[in-house]
Amino acid sequence: MAVSSRAGAPQAFELKSASLNLLALHLKTPDLAELAEAMQSRFGDSDGLFDQEPVCVDFSALPAADAAPDLMALASLLARHGLKLLAARGGSPAQMDAARAARSEEHTFEL
């Protein structure tokens, strides 16, 4: 197969390595009511504490590999505190499938 060269033509894009700083939320319960209460207790109504700070939800601390919260509801809960759900990690195949499914339902966060 021949590879055509467009020497001298401007490039439309570049791929470069990037390091991104974001918070990791290590979930210890899939119970969003419990999580909401704990976040309210810790952060209260502190406006401006987080300003759309990106968050990666980490499932690895959940007691059961099949336990996963409603991620759209979790994204809403985090948004109330100024956090933006951006990614997921550390989950079982079922948890990561749930994260991908939530992303495809609503584009409020990216995986």
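User: What is the relative accessible area of Asp97?
Analyst: The model is predicted: local features need pLDDT of at least 70, side-chain atom pairs count only at pLDDT 80 or more, and totals for chains, interfaces and linings use all residues. Residues are numbered from 1 along each chain as its sequence is written, and side-chain values use heavy atoms, leaving out hydrogens and water. Buried means under 20% relative accessible area, exposed over 50%, and partly exposed in between (1.4 Å probe, protein chains only). Asp97 is partly exposed, at 44%.

User: Which residue forms a salt bridge with Asp97?
Analyst: A salt bridge puts a side-chain nitrogen of Lys or Arg within 4 Å of a carboxyl oxygen of Asp or Glu. For Asp97, the closest N and O atoms are 2.9 Å apart.

User: Which helix holds both Arg100 and Asp97?
Analyst: Helices (H or I, at least four residues) and strands (E, at least two) are DSSP runs, numbered from the N terminus. Arg100 and Asp97 are three residues apart, so about one helical turn separates them. Their helix spans residues 93-105 and is α3.

User: In what order do the elements of the chain run?
Analyst: The chain has three helices and three strands. Read from the N terminus on, the order is β-α-β-α-β-α.

User: How many residues apart in sequence are the parts that Arg89 and Asp58 tie together?
Analyst: Arg89 and Asp58 form a salt bridge, with the closest N and O atoms 2.7 Å apart. Arg89 sits in strand β3 (residues 83-89) and Asp58 in strand β2 (residues 53-58), so the pair joins parts whose separation in sequence is 31 residues.

User: How far apart are the closest N and O atoms of Glu14 and Lys16?
Analyst: Glu14 is exposed, at 54% relative accessibility. Lys16 is exposed too, at 66%. These residues form a salt bridge, and the distance is 3.6 Å.

User: How many salt bridges does the structure hold?
Analyst: One of them links Glu14 and Lys16. The structure's total is three.

User: What share of the contacts with a separation of 6 or more joins residues 24 or more positions apart?
Analyst: Contact means heavy atoms within 4.5 Å. Among contacts in the chain with a separation of 6 or more, the share is 81%.

User: What percentage of the residues is buried?
Analyst: The chain has 111 residues. Of these, the buried ones make up 29%.
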